[in-house]
Amino acid sequence: MDAVQAFLQAAVRTATPLAIAALGETIVERAGIINIGLEGMILAGAFGALAGASVGGVASGYAMAVVAALALGAVAGFFVIRLRSDQIIAGTAVNLVALGVTGAFYGAAGAALRIPTSAPLAVPLLARVPVLGPAFFQQPPATYLIYALTPALWWWLTRTHAGLALRAVGERPRSAVVAGIVPGRVRWGALLFGCALGGIAGGTLVLAQAGTFAEGMSAGRGFIAIAIVVLGRWDPRGAALGALFFGAVSALQFALQSLGLDLPYQLFLALPYLVTLIALARTGGRLAAPAALGES
């Protein structure tokens, strides 16, 4: 029983930054933009969290994480929305800029030896439920953000005029213009929202998990979040479940390594990514993306 509980706790902990980033990316892609720069925004958010927490604590860390990611998102938006540049190329450039800038500033400033971190917060009563309680309801506050955002974003996308306008822009932007919708304005809002959540995801890595910053610590999470959006069928509920699935596979990787099997450790490290690729290969051809996704 303790082993199952520890496995679930690790799965939820690993899934948290992925789910936050994937929820934001879901909104961005429903507006017709592939935010390849999400990886860089998570990294920028992680560095911003380190800088903010070093000065003003956890709340300041999360605030600076959002600011750093929004600044990078504004650059991406200028090229993608304003100049109508290729989204893949612009996103790749953003990732390279984030990697270079965070590495340069981190190397110049040196490592922060101690920064405040976000402790787990137990939900009364629910945290006492056997096995599931500690795994899902004794987590840092960032995890509870997922529980609130997932139904809220689903309701907003499917039950509000603003959500319908965003989906129209992602499907038929020219028809949206006829209906009085300004696609550029909608895409800017969606992109900045996704960037903000990407920053929070990066901040979670530093403030709720690692407790420090390392160069390149996003470690492909932005690309995994984009894959999770596809697996989740561009639905916030699917994105949250997809992140939990990836978190469970990652936790399984740690469990397999602890068994002391006589296998190269790189095989265990590759397991979550391999499973994601297999899942994409099996379902990708049957999924219908927003019709205007990726169009400049």
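This is a predicted model: local features need pLDDT of at least 70, side-chain atom pairs count only at pLDDT 80 or more; totals for chains, interfaces and linings use all residues.
Local features rest on pLDDT of at least 70 and side-chain atom pairs on pLDDT 80 or more, while totals for chains, interfaces and linings use all residues. Residues are numbered from 1 along each chain as its sequence is written, and side-chain values use heavy atoms, without hydrogens or water.

Thr102 sits in helix α4, residues 87-109 (helices are DSSP runs of H or I, at least four residues, numbered from the N terminus). With a relative accessible area of 5%, Thr102 is buried (under 20%, using a 1.4 Å probe and protein chains only). The side chain of Thr102 reaches two backbone oxygens, that of Ala98 at 2.6 Å and that of Leu99 at 3.3 Å. Leaving aside residues up to four places away in sequence, Thr102 touches Leu43, Ala44, Phe47 and Phe213 (contact means heavy atoms within 4.5 Å).

Now to the open spaces. A pocket is an open set of points on a 1 Å grid over the protein atoms alone, where a 1.4 Å probe fits, with protein on both sides within 12 Å along at least five of seven lines; lining residues have an atom within 4 Å of a point. The largest pocket holds about 340 Å³ of space, and among its 13 lining residues Arg84, Pro173, Pro183, Arg187 and Ser296 are closest to the centre. Helices α3, α8 and α9 each give at least two residues to this lining.

The second largest pocket holds about 290 Å³. Its lining has 14 residues, with Thr14, Arg221, Ser250, Gln253 and Phe254 nearest the centre. Here α1, α11 and α12 each supply at least two lining residues.

Methods:
Buried means under 20% relative accessible area, exposed over 50%, partly exposed in between (1.4 Å probe, protein chains only). A polar contact is a pair of N or O atoms within 3.5 Å; within protein, one must be able to donate a hydrogen and the other to accept it, and residues adjacent in sequence count only if both atoms are side-chain atoms. Grid points are joined across faces, edges and corners, and a volume is the space filled by probe spheres set on the points.
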